[in-house]
Amino acid sequence: MTATSSYPADIRAQPAALQQLLDAGLSSDVRALLSDLKSFDRIVMTGMGASLFAHHPTFLRLAASGLPVWTLETSELLGPAAGLLTRGTLLWITSQSGDSGEVAALLEALPSSRPRVLGVTNNTASDLAVGADVVLELHSGEELTVGTRSYVNTLAAQALATRIALGEPADTRLLELPGQLETYLEDWDDHVEALGAAVASRTIFIVGRGPSLAAVRTGSLIIKEAAKVPVEGMSTPQFRHGPLELVGPDVTVIHLAGDATDADFNERMFTDVKRVGGHAVWLGSDGAGSNVALPAISLPEALPIAEILPLQLLSVALAERNRVEPGAFRHIDKVTRTL
């Protein structure tokens, strides 16, 4: 399947879509559910693709608070892992379309003594919205190609949800984020050129740790989808446990600097990739040199949102180099319905 892609326009529209979500906020029933997470025996966060990856920053924060939280792809819950889904479970499903095949199958398979379901979706008429007990709407507008607005809004919605779940006050710095993303995207051509120049080889890895794994995994996914370029994303520690052996002059490793806790560890890998002759790119605001700039943000909690924009623009640069239309699907549809 080949179709004209709105992918670059969707990237540019992310600040406006994020503003729509922030203006709408979270409904009272969503807030009430999130404020009562301690009443559940466990919390199971699930999705497919970028919807699954967007859970990771929230998973880490809830786990750090001592809550019994799991995260795994929805397909696994159609098998033996379904044993996690007891009456005392909160099943937190994210699907931007709400109609993915795995999500529809999971909702249909739930027993009568089913868990409580929180559905995070952009489609309020979807299988997920109809089957959930409580719906968190993403307000990201219609997408026809590789996920952009829906992914950024999912991260923002999860950040809002996490603060409520942990009893933290709202942070007004989140309201500054649409303008900060808009400022970054105003220099589109410069960023695309710089990213294309920084990533010159065909063999590409993206590595990071902690909350940055959301961007590592989603970035590698969208580059495959939008640019038709094979790229592997993994945690920085996992890269050291074997794949580092692959590194040479024809290998580029993109390192997400991460937050202050993780940056020193990530810089060690950056240094080691250069030492063994690989091409190392540092994606962050400070640190190891050879920087590719992130959007300038005022809220550290929003780092996973800032990290995805350069990787989106890299996918545009690589698509142009690969002589394909950025984001145009050839073999799949926007919504994956086949199990």
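Predicted model: local features only at pLDDT ≥ 70, side-chain atom pairs only at ≥ 80, totals over all residues.
Two strands pair if DSSP finds at least two bridges between them. Strands of a sheet pair through backbone hydrogen bonds, either parallel or antiparallel.

## Strands and sheets

Strands S7, S6, S8, S9 and S10 form, in that order, an open sheet of five strands with parallel pairing. Which strands are at the edges? They are strand S7 (231–235) and strand S10 (291–292), each of which pairs on one side only. Within this sheet, S6 and strand S8 (residues 251–256) are joined by five bridges in the parallel sense.

Strand S1 (residues 42–47) runs parallel to S3, and five bridges join the two. Threonine 46 has isoleucine 93 in S3 as its bridge partner. S3 pairs as well with strand S4 (residues 116–121), again in the parallel sense and over five bridges. Here the bridge partner of leucine 91 is valine 117 in S4.

How many of the residues of S3 are buried? Six of the six are, so the strand is largely enclosed by the rest of the structure. Both faces of S3 are covered. Thr89, Leu91 and Ile93 are buried on one side, and Leu90, Trp92 and Thr94 are buried on the other. Leucine 91, the residue that bridges to valine 117, therefore belongs to a strand that is largely enclosed.

## Aromatic rings

The structure holds two aromatic pairs. The table gives the values for each.

| Pair | Centre to centre | Angle between planes | Arrangement |
|---|---|---|---|
| Phenylalanine 205 and phenylalanine 239 | 5.1 Å | 65° | edge-to-face |
| Phenylalanine 270 and tryptophan 282 | 5.5 Å | 75° | edge-to-face |

Planes over 60 degrees apart count as edge-to-face. The planes of phenylalanine 270 and tryptophan 282 are at 75°, so this pair is edge-to-face.

Where in the chain do phenylalanine 205 and phenylalanine 239 lie? Phenylalanine 205 is in strand S6 (residues 203–208) and phenylalanine 239 is in helix H12 (residues 236–240), 34 residues apart, and the pair links distant parts of the chain. The other pair also links distant parts of the chain, with phenylalanine 270 in helix H13 (residues 260–275) and tryptophan 282 in strand S9 (residues 279–283), 12 residues apart.

In the second pair, phenylalanine 270 counts as buried because its relative accessibility is 1%. Tryptophan 282, at 0%, also counts as buried.

The charged end of arginine 12 sits over the ring of tryptophan 188, 4.0 Å from the ring centre.

Helix H12, which holds phenylalanine 239, also contains arginine 240. Arginine 240 has a relative accessible area of 38%, so it is partly exposed. The C-alpha atoms of arginine 240 and valine 324 are separated by 33 Å, and the two residues are 84 residues apart along the chain.

## A cavity and a pocket

A search of the whole structure finds one cavity of 30 Å³ or more. The largest cavity holds about 40 Å³ of space. Which residues line it? They are Leu195, Val199, Ile254, Val281, Leu283, Val292, Pro310, Leu311 and Leu314. By class, the lining has nine nonpolar, no polar and no charged residues. S9 and H14 each supply at least two residues of this lining. H14 gives the most, with three residues.

The second largest pocket contains about 400 Å³ of space. It is lined by 22 residues, and those closest to its centre are Pro57, Arg61, Pro211, Glu301 and Pro304. Helix H5 (56–64), helix H8 (149–165) and helix H14 (303–321) are the elements that give two or more residues to the lining of this pocket. The lining of the pocket has 13 nonpolar, five polar and four charged residues.

Terms used:
Residues numbered from 1 in each chain as written. Heavy atoms only, no water. 1 Å grid on protein atoms, 1.4 Å probe; cavity = no way out; pocket = protein on both sides within 12 Å on 5 of 7 lines; lining within 4 Å. Points joined across faces, edges and corners; volume = space filled by probe spheres on them. Helix = DSSP H or I, 4+ residues; strand = E, 2+ residues; numbered from the N terminus. Nonpolar A, V, L, I, M, F, W, Y, C, P; charged D, E, K, R; others polar. Phe/Tyr/Trp six-rings, centres within 6.5 Å; stacked < 30°, edge-to-face > 60°. Buried < 20%, exposed > 50% of the residue type's maximum accessible area, 1.4 Å probe, protein only. Lys NZ or Arg CZ within 6 Å of the ring centre and 35° of its normal.
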